[in-house]
Amino acid sequence: MATDKVELQQKVVEEALNQIFREARTHTSWLPKPVPLSLLKEAYDLARMGPTSANGSPARFVFLTTPESKNRLVPALAPLNVEKTKAAPVTAIIAWDTEFYESLPKLFPHADMRSYFVGNPALIEETGFRNGSLQGAYFIIAARAVGLDCGPMSGFDAAKVNAEFFPDGKWKANFLCNLGYGEKSKLHPRNPRLTFEEACRVL
Ligand SMILES: Cc1cc2nc3c(=O)[nH]c(=O)nc-3n(C[C@H](O)[C@H](O)[C@H](O)COP(=O)(O)O)c2cc1C
């Protein structure tokens, strides 16, 4: 009985790993199936639990869910990203908040971390961009875990996105991510990844 339970748990873990990593692909063609807001909230609620320095959580997410809001993004897109973005039910702008450190008294109350950042734009940029990128990656993994497919994109003009969506200069776009249900038949074969020996050193 106990062995059965362990085997079942292992199977569940393997299925989850397949869904999140081994079988998940970057999608560029999308089924016309809507994404409920509740699923985006579920994905965010998982992603926000990933670690960030001093729990600073600098990432911000703007979900474009209508043709009107998508149209505001289109002029900033690289030509090859236009059609896939129009077809996706949702496009997320993964941004980071240049004033993320103002939330540190709430997010990291046992130490005064805010004062390290005030007046230090280089540290703000490095910390905000690094941890915002990590949170963007957590979000991709979380979205896959709740059953969504992702199509991340860096082919866009960040200055145009910032001017259109963040005119006060407080948030800055990092990358975009189409979300929905991918059309698997349109995928090309998976490209190789670097092996452990190629990409890692053990010292
Ligand atoms: C940050 C980031 C930026 C990317 N930018 C683009 C892009 O602008 N346009 C595009 O079609 N694919 C883009 N991709 C998709 C990658 O080419 C794709 O994830 C990679 O080849 C792996 O594909 P796979 O997940 O199907 O194995 C981007 C991916 C990431 C993570």
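So, the second largest pocket: its lining is Tyr44, Arg48, Met49, Asn55, Ser57, Ala59, Arg60, Phe61, Phe63, Leu107 and Gln135. By pocket I mean, on a 1 Å grid over the protein atoms alone, an open set of points where a 1.4 Å probe fits, with protein on both sides within 12 Å along at least five of seven lines; lining residues have an atom within 4 Å of a point. Before going on, this is a predicted model: local features need pLDDT of at least 70, side-chain atom pairs count only at pLDDT 80 or more, and totals for chains, interfaces and linings use all residues. Residues are numbered from 1 along each chain as its sequence is written, and side-chain values use heavy atoms, with hydrogens and water left out.

Back to that pocket. Its volume is about 240 Å³, where volume is the space filled by probe spheres set on the points, and points are joined across faces, edges and corners. Strand 1, residues 59-64, gives the most to this lining, four residues; strands are DSSP runs of E, at least two residues, and helices are runs of H or I, at least four, numbered from the N terminus. The lining splits into six nonpolar, three polar and two charged residues. Here Ala, Val, Leu, Ile, Met, Phe, Trp, Tyr, Cys and Pro are nonpolar, Asp, Glu, Lys and Arg are charged, and the others, Gly among them, are polar.

Now the largest pocket, at about 330 Å³. It has 19 lining residues, and the closest to its centre are Arg25, Thr26, Arg144, Arg190 and Arg193. Helix 7 provides the largest share, three residues. By type, the lining has seven nonpolar, six polar and six charged residues.

And what surrounds the ligand? That would be Arg25, Thr26, Asn81, Lys84, Pro152, Met153, Ser154, Gly155, Arg190 and Arg193, each with a heavy atom within 4 Å of it. Some polar contacts here, meaning pairs of N or O atoms within 3.5 Å: a ligand oxygen is 2.6 Å from a side-chain N or O of Thr26. Lys84 also has a polar side-chain atom 2.6 Å from a ligand oxygen, and for Arg193 the distance is 3.0 Å.

Last stop, Thr98, in the loop between strand 2 (90-97) and helix 5 (104-107). Buried or exposed? Thr98 is buried, because its relative accessible area is 16%, and buried means under 20% with a 1.4 Å probe, protein chains only. A polar atom of the Thr98 side chain sits 2.7 Å from the backbone oxygen of Lys170; within protein, such a pair needs one atom able to donate a hydrogen and the other to accept it, and residues adjacent in sequence count only if both atoms are side-chain atoms.

Technical notes: Buried means under 20% relative accessible area, exposed over 50%, partly exposed in between (1.4 Å probe, protein chains only).
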